[in-house]
Amino acid sequence: MAGTDPIHQFVIYDLFPIHIGDEAAGTALNLSFTNSALFMVVTVVVLTGFMVLSASRASLVPSRFQLAGELLYTFVANMLRSSAGKEGMKFFPFVFSLFGFVLVANLLGMFPYFFTVTSHIIVTAALAVMVMAVVILYGFFRHGFKFLKLFVPAGVPAYVLPIVVPIEIISFLSRPISLSVRLFGNILAGHITLKVFSGFVVSLGALGALGWMGAVLPLIMTVAISALELLVAVVQAYVFAVLTSMYLNDAVHPSH
Amino acid sequence: MVVEAAKMIGAGIATLGMAGAALGVSNIFANFLSGALRNPSAAPSQTGNLIFGMAMTEALGIFSFLVALILLFVA
C-alpha cells in the first residue's frame with residue numbers, strides 16, 4: 001500500500017546536495033538542487049524556448065507556430081489592457097511571465113512521473129507575495145500616501161468609515177493568501193484525487209481476472225479526472241493572471 | 001488514539017463546506033445559461049467572466065478541502 005499512497009508524489013528530495021556551513025552541527029544552509037528546482041528550470045526553458053522559437057523566423061503572415069506564440073501574447077495583452085488600462089501595460093512582461101510560468105508548470109505536472117511545482121504552498125505563496133509586493137511598492141512609489149485612498153471607497157458617508165476602512169484593509173491583506181491558496185489548493189486537490197483513483201486501479205487489479213474487469217471503472221474515472229485537471233491547470237493560470245491584473249489596476253488607479 | 005479519531009472526524013466535517021461551494025458554482029452556470037438562452041449573441045463575450053466567476057467560487061470549496069487535508073496530514 002505504501003507505493004500507492006497519494007502524498008508520496010509531493011516529496012521534495014535533493015538531486016544535487018549543496019550544503020554550505022557546518023553540517024555536523026546541523027546549522028548548514030541547504031541550497032541543494034531539488035526535483036522542484038529541476039522542474040522550475042524545465043518550465044522556464046520550455047516557456048522561453050516556445051516564445052523564442054515562435055518568433056525566430058517572424059513573417060508578416062505567421063506560420064502555425066508563430067501564430068501560437070502571437071495568440072498567447074495577445075491573449076495576455078488584451079486581458080491586462082482591459083483590467084489595468086493603458087498605464088497598466090508597463091506590467092505586461094511581469095504578468096506574461098507569471099501567466100506563462102504558472103500555465104507551463106501546471107501543464108508539466110500532468111505528465112506521469114513529473115513533479116508539479118505549483119503543488120507546494122511555498123511556491124505559490126512566493127508568487128503571490130511577489131505580486132502584492134509589486135502592487136504595494138508601485139502604489140506608494142507612484143502615488144505616495146494617496147495610495148491609501150484605496151481603502152476609502154467613493155461615496156461612503158463619514159460615519160460608516162470606521163467600519164468600512166478596517167474591512168477594506170483586511171480584504172486587501174487577504175489577497176495574497178487567497179491568491180496563493182487558490183492555486184495551491186486546486187492543483188494539490190486534483191493531483192491527490194488522481195493518485196487516489198489510480199491507487200484504486202492498482203488495488204482492484206491485484207485481485208485477479210475479475211479484479212481487472214472491475215478496475216476499468218476507476219480507470220475511466222482517472223481519465224475523466226485527468227481531463228478535468230487539464231482544464232483546471234489552464235483556468236487557474238488564467239485566474240491567477242486576471243487577479244494579478246486587477247490588483248495592479250488598484251496600484252495604478254487607486255480609487256474605487 | 002483519540003486525537004487520531006478526532007482528526008478524522010474533523011476532516012469529515014470540514015468537507016461539508018463543499019456543499020456551499022457546489023451551490024455557488026451551479027448558481028453561476030445556471031444564471032449564465034439562462035442569460036445566454038435569452039441573448040445568445042452576447043454569450044461568447046461573457047465566457048471569460050463565466051470561467052473567472054467559477055474559479056472564484058470553486059476556490060472556496062478548495063479551501064474547505066484544504067482544511068480537511070491539513071487536519072489529516074499536517075496537524
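This is a predicted model: local features need pLDDT of at least 70, side-chain atom pairs count only at pLDDT 80 or more; totals for chains, interfaces and linings use all residues.

Me: Which pattern does chain A follow along the sequence?

Reply: Reading along the sequence of chain A gives β-β-β-β-α-α-α-α-α-α-α. In total, chain A has 7 helices and 4 strands.

Me: What radius of gyration does chain A have, and what would a compact globule of 256 residues have?

Reply: The radius of gyration is taken over C-alpha atoms. Chain A has 23 Å, whereas a compact globule of 256 residues would have a value near 18 Å. The C-alpha trace of chain A spans about 75 × 55 × 45 Å along its principal axes.

Me: How many of the residues of chain A count as buried, as a percentage?

Reply: A residue is buried if 20 or more other C-beta atoms lie within 10 Å of its own, and exposed if 12 or fewer do. By that count, 26% of the 256 residues of chain A are buried. As for contacts in chain A with a separation of 6 or more, 63% of them come from residues 24 or more positions apart.

Me: Take two single residues. Is A:Gly190 buried or exposed?

Reply: A:Gly190 counts as buried, because it has 25 C-beta neighbours inside 10 Å. This residue is in helix α5 (residues 161–205) of chain A. Leaving out residues up to four places away in sequence, A:Gly190 touches A:Glu229 and A:Val232. A:Leu217 is 27 residues from A:Gly190 in sequence and 18 Å from it in space, C-alpha to C-alpha.

Me: And why does A:Tyr73 count as partly exposed?

Reply: A:Tyr73 has 15 C-beta neighbours inside 10 Å, so it counts as partly exposed. A:Tyr73 belongs to helix α2 (residues 64–88) of chain A. Between A:Tyr73 and A:Val181 there are 27 Å in space, C-alpha to C-alpha, and the two are 108 residues apart in sequence.

Me: Now chain B. What does its secondary structure come to?

Reply: Chain B has 3 helices and 0 strands, in the pattern α-α-α. Its C-alpha atoms fill a box of roughly 60 × 15 × 10 Å along the principal axes. The radius of gyration of chain B is 18 Å, but a compact globule of 75 residues would have one near 11 Å. Of the 75 residues of chain B, 11% count as buried.

Me: Does helix α1 of chain B lie largely in the open, or is it buried?

Reply: The number of buried residues among the 13 of α1(B) is 0, so the helix lies largely in the open. Helix α1 (residues 2–14) of chain B reaches 18 Å from its first C-alpha to its last, close to the 18 Å expected at 1.5 Å a residue.

Me: At what angle do the axes of helix α2 and helix α3 of chain B cross?

Reply: Angles over 145 degrees count as roughly antiparallel. The axes of α2 (residues 18–38) and α3 (residues 47–74) of chain B cross at roughly 170° and come within 8 Å. The two helices, α2(B) and α3(B), are therefore roughly antiparallel to each other. Residues making the contact include B:Val25, B:Ile28 and B:Phe32 of α2(B), and B:Leu50, B:Met54 and B:Phe65 of α3(B). By class, the contact of α2(B) with α3(B) has 10 nonpolar, 5 polar and 1 charged residues.

Me: How many residues does the contact take from each of chain B and chain A?

Reply: Chain B gives 9 residues to the contact and chain A gives 12. On the side of chain B that touches chain A there are 9 nonpolar, no polar and no charged residues.

Conventions
Residues are numbered from 1 along each chain as its sequence is written. Chains are lettered from A and ligands numbered from 1 in the order in which they are written. Axes are lines fitted to C-alpha atoms, for helices over the stretch in contact, and angles run from 0 to 180 degrees between N-to-C directions. Angles under 35 degrees count as roughly parallel, over 145 as roughly antiparallel, 65 to 115 as roughly perpendicular and the rest as oblique. Two residues are in contact if their C-beta atoms, placed from the backbone, lie within 7 Å. Ala, Val, Leu, Ile, Met, Phe, Trp, Tyr, Cys and Pro count as nonpolar, Asp, Glu, Lys and Arg as charged, and the others, Gly among them, as polar. The radius of gyration is taken over C-alpha atoms; the globule rule is 2.2 Å times the number of residues to the power 0.38. The expected span of a helix is 1.5 Å times one less than its number of residues.
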